[in-house]
Amino acid sequence: MIAGAVHTALFYLLACAAIALALAVTGAQRLLRAAVCLMGVLAMSAGLYVLLGAEFLAGIQVLVYVGGIVVLIVFTIMLTRSADLLEDKPSFPRRLMAVAASVLFLLMTAGIFLTTDFRANPGALPPANEVLSIGRSLLDAGAEGFVLPFEVVSLLLLAAVLGSIVVARKTPPPDQPFTSGGDRPGEVRPDPTLSQNEAPDGGAR
Amino acid sequence: MIRFLASHPPGMTHWLLLSAALFSIGLYGLLSRRNAVGILMSVELMLNSAALNFVVFNRFVQPGRMDGQVMAIFVIAVAAAAVVVGMAIFVALFRHRATVDVNRAADLKH
């Protein structure tokens, strides 16, 4: 009975904390503060995964989301100098439209959730070894496996890494026209550590 | 108190309402933010609530199989890819225009 009470109390605590932190993410004027709140929301979600019995997924969540994605977002905030600028408050019509859209969406989904019978099946037991079961279904090539999306996701991650390197690269090599985003090659300053007589051409490369 | 808490465990509807609330908050941020990084953070909120929804359905509808958790892992991977590409685009955009305000980056070419 104590365990059930703790489970229920933890659910409501984590849910309230997650919602409050999510409101702070969307409302904070300082983006760095919003990023820290986002980290809190994701950590609360990891706790909720633990409550749902998905411990492996909670670990993945902390590793990838809290440790990776939030750090990347903080880097982006620093690199785009968004941390220095206070964001303007959204204008009133904009905020009104946003509130209307999100509240309508919430009401619609809540209505669907409250009126639908989802055939909940609490009697079935989870598999004894969840990580083993997840791994088997990830790499199962049969009708119930996910090996094709698994491979597609690996391809997607590779494409994302290569694409982001190409897009965000600072100086494009002169023979590759795909990167128009960086500085022009001519704008690169000569390296001051090089000696003077080879600076005009040799220093620019 | 303990007896009341123990006799009222959160059901499936509670979990689904929680994830719907998180998704709606993310939607609000998506529509009201002007900084592109803030919009990206709101999208992360929405993706996270979608993954939570998958896990909830897995736990309550078919706890004998791990399909929902596998889908949640895919959602996390796709979110990571989205953040990586988004960060690269924002950095390149900032280098071009010295801003990441989406209103001032509305046209693709200048």
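**Exercise 1. Burial and overall form of chain B**

Determine what percentage of the residues of chain B count as buried, and describe the dimensions of the chain.

*Solution.* In this predicted model, 53% of the 110 residues of chain B count as buried. The next step concerns dimensions. The radius of gyration of chain B is 19 Å, whereas a compact globule of 110 residues would have one near 13 Å. Taken along the principal axes, the box filled by the C-alpha atoms of chain B is roughly 65 × 30 × 20 Å. Finally, among the contacts in chain B with a separation of 6 or more, 46% join residues 24 or more positions apart.

**Exercise 2. Secondary structure of chain B**

State how many helices and how many strands chain B has, and give their pattern along the sequence.

*Solution.* Chain B has 4 helices and 0 strands. Read along the sequence, the pattern is α-α-α-α.

**Exercise 3. The packing of α2(B) and α3(B)**

*Solution.* The axes of α2(B) and α3(B) lie 8 Å apart, and the packing angle is about 165°.

**Exercise 4. A helix pair across the two chains**

*Solution.* Helix α1 of chain A comprises residues 2-27. The axes of α1(A) and α2(B) cross at roughly 5° and come within 9 Å. The residues of the contact of α1(A) with α2(B) divide into 11 nonpolar, 3 polar and no charged.

**Exercise 5. The contact between chain A and chain B**

Find how many residues each chain gives to the contact, and which element of chain B supplies the largest share of its side.

*Solution.* Chain A gives 85 residues to the contact and chain B gives 67 residues. On the side of chain B, the elements that give two or more residues are α1 (2-7), α2 (12-32), α3 (36-61) and α4 (67-97). The largest share, 24 residues, comes from α4(B). By class, the side of chain B that touches chain A has 48 nonpolar, 13 polar and 6 charged residues.

Technical notes
Residues numbered from 1 in each chain as written. Chains lettered and ligands numbered in written order. Predicted model: local features only at pLDDT ≥ 70, side-chain atom pairs only at ≥ 80, totals over all residues. Contact = placed C-beta atoms within 7 Å. Nonpolar A, V, L, I, M, F, W, Y, C, P; charged D, E, K, R; others polar. Axes fitted to C-alpha atoms, helices over the stretch in contact; angles between N-to-C directions. Rg over C-alpha atoms; globule rule 2.2 N^0.38 Å. Buried ≥ 20, exposed ≤ 12 C-beta atoms within 10 Å, placed from the backbone.
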